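Student: I have a structure open and would like to learn how to read it step by step. Could you walk me through it?

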Amino acid sequence: MANVVVIGAQWGDEGKGKITDLLSKSADVVVRYQGGVNAGHTVVVKDKTFKLHLIPSGILYPDTECIIGSGTVIDPKILIEELDQLDKLNVSTKNLLISETAHVTMPYHRLIDQASEERRGSHKIGTTGRGIGPTYADKSERTGIRVMDLMNAESLRKQLNWAINYKNVILEKLYNLPPLDPEAVIAEYLEYAERLRPHVVDCSLKIYDAIQRRRNILFEGAQGTLLDLDHGTYPYVTSSNPVAGGACVGAGVGPTMIDRVIGVAKAYTTRVGEGPFPTELDGEVGELLCDRGAEFGTTTGRKRRCGWFDAVIGRYAVRINGLDCLAITKLDVLDELDEIKVCVAYEIEGQRCEDFPSSARRFAHCKPIYKSLPGWKQSTADCRSLEDLPKQALDYLKFLAELMEVPIAIVSLGASRDQTIIVEDPIHGPKRALLYANGAAVAAEV
């Protein structure tokens, strides 16, 4: 039995959806612990592509229980659209459970999010405009609407009448937007409540019961380490805690109940939205990475900024999350390159720096220090074992593992489930991962 957290080790979009989907096969329960519809997972199963924003990837396995934890913020309209999408694709959603204490995104959250971002002008953060920040703000201000409030018409009416009248002042006076009709919003959300009611439970209790019964639990985060509200590249961050510690708060479990933490990182680096990006590539190589990697956001469709692998932020993710091992995705995207660079350190104001700077000002002035490695110039898409990989590709993985001082357990070589090298399933069996001894790749217990 193992309780495993899967987190993004970069700025999100690392391919967590596929890795979570793969690991869900061995999990009894999958828990989404933070974020909202600003996140997106794309999972490809045979000829079907599933794009999920709130529902955990484990829903594609009929016997896996899927939980949306209290640390998430839920847009009922989008959630119901996902349920309908899965129903049309003959995927059962009977095992989906929703925390009664999760907060709900309301129409005024979306309006304020979009208007606020537009008002920022050149200082915009790059939000998705889905209302996530304002929902979390109301949660912190203790004026939010929770899922349990939707289940009680009288309570919802009382809370929303006050909240909408208050938010209408902001919409009208600050942003010159038309006011919302409280009765229309109440009616809309009461309708959502009836559709979601069969799924609503005390999720913390459900998860605790599963742990007591020694079931395998996978905790799934959204976004990535560098977008964490406390430990990311503030202010260009999300409004919650994607780091491994966020799993305990967002799911309602104690830290002693977590056994392992797996970080997911691309074989290069991408970022969506605003903010510094030391290894960003503007030229031909950046375009090649974008095209071969299909680097467009699942949620917004925005083109992702692409750059070389950054081992400085990789080591930071190892430290902040306590990573046990890594899953490296999209190695195949690098197949056509003659030369591949890896950022091993930064130069900041003439000084070499190997640790991630906490100062946003210093980070904005980072210049990458690169190590160049030879490319392999052949396809890796059909590789299914370490022995199948070209020597240069294996050397590249070895170099990344040594730089970050953490083993690599999974290598992804495409979007499909079968395009994967799994050295060891981190949920079952001994704690094993890809290690390197005397320059050769071996699987060994750790």
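Tutor: Happy to! First, a term for reading database labels: UniProt annotations may be inferred rather than shown by experiment, and the positions quoted here follow the numbering used here. Also keep in mind that this is a predicted model.

Student: With that caution, which residues does UniProt list for "active site"?

Tutor: The UniProt record, an unreviewed entry, lists Asp13, His41 and Lys139 under "active site". They are spread over 127 residues of sequence, and they are also spread in space, with up to 25.7 Å between C-alpha atoms.

Student: Where is Asp13, and what is Asp13 in contact with?

Tutor: Look in the loop between β1 (3-8) and α1 (16-24) for Asp13. The general idea for exposure is a scale: under 20% relative accessible area is buried, over 50% is exposed, and partly exposed is in between. Asp13 has a relative accessible area of 25%, so it is partly exposed. Setting aside neighbours within four places in sequence, Asp13 is in contact with Lys266, Thr270, Val272 and Arg304.

Student: And His41, buried or exposed?

Tutor: His41, found in strand β3, has a relative accessible area of 8% and is therefore buried.

Student: Arg304 came up as a contact of Asp13. For which feature does UniProt list Arg304?

Tutor: The unreviewed UniProt entry places "binding site" at Thr298, Thr299, Thr300, Gly301, Arg302, Lys303 and Arg304. Take two of them. Gly301 lies in the loop between α10 (284-292) and β13 (305-307), and Arg304 is also placed in the loop between α10 and β13. Gly301 has 43% relative accessibility and so counts as partly exposed, while Arg304, at 8%, is buried. The side chain of Arg304 is joined to that of Glu295 by a polar contact of 2.7 Å.

Student: Now helices. Why do residues three or four places apart point the same way?

Tutor: An α-helix has 3.6 residues a turn, so residues with that spacing point the same way. For the case here, open α7 (residues 182-196): its 15 residues reach 21 Å from first C-alpha to last, close to the 21 Å expected at 1.5 Å a residue. Its buried residues are Pro182, Val185, Ile186, Tyr189, Tyr192, Ala193 and Leu196. These cover an arc of only 125° around the axis, which puts them on the same side of α7.

Student: What happens at the start of α7?

Tutor: There, a side-chain oxygen of Asp181 comes to within 3.1 Å of the backbone nitrogen of Glu183.

Student: What do the buried residues of α4 pack against?

Tutor: In α4 (residues 132-141), the buried residues are Ile132, Pro134, Thr135, Tyr136 and Asp138. They pack against β6 (73-74), β8 (103-104), α3 (107-120) and α6 (153-174). After α4 comes Arg142, with a positive phi near 65°.

Student: Last topic: how should I read a nonpolar core?

Tutor: In soluble globular proteins, nonpolar side chains tend to be buried together. The largest nonpolar core here has 63 residues, and Phe219, Leu331 and Tyr396 touch the most other members. Helix α13 (residues 391-404) gives the most to this core, with eight residues. A second, separate core of 47 residues includes Leu60, Ala115, Leu171 and Ala193.

Student: Which residues does Tyr396 touch?

Tutor: Leaving out residues up to four places away in sequence, Tyr396 touches Ala267, Phe309, Leu331, Leu334, Ile340, Val342, Leu373 and Trp376.

Notes: Residues are numbered from 1 along each chain as its sequence is written. This is a predicted model: local features need pLDDT of at least 70, side-chain atom pairs count only at pLDDT 80 or more; totals for chains, interfaces and linings use all residues. Side-chain values use heavy atoms; hydrogens and water are left out. Helices (H or I, at least four residues) and strands (E, at least two) are DSSP runs, numbered from the N terminus. The expected span of a helix is 1.5 Å times one less than its number of residues. Buried means under 20% relative accessible area, exposed over 50%, partly exposed in between (1.4 Å probe, protein chains only). The arc is that of the directions from the helix axis to the C-beta atoms. A polar contact is a pair of N or O atoms within 3.5 Å; within protein, one must be able to donate a hydrogen and the other to accept it, and residues adjacent in sequence count only if both atoms are side-chain atoms. A nonpolar core is a set of buried Ala, Val, Leu, Ile, Met, Phe, Trp, Tyr and Cys residues joined through side-chain atoms within 4.5 Å. Contact means heavy atoms within 4.5 Å.
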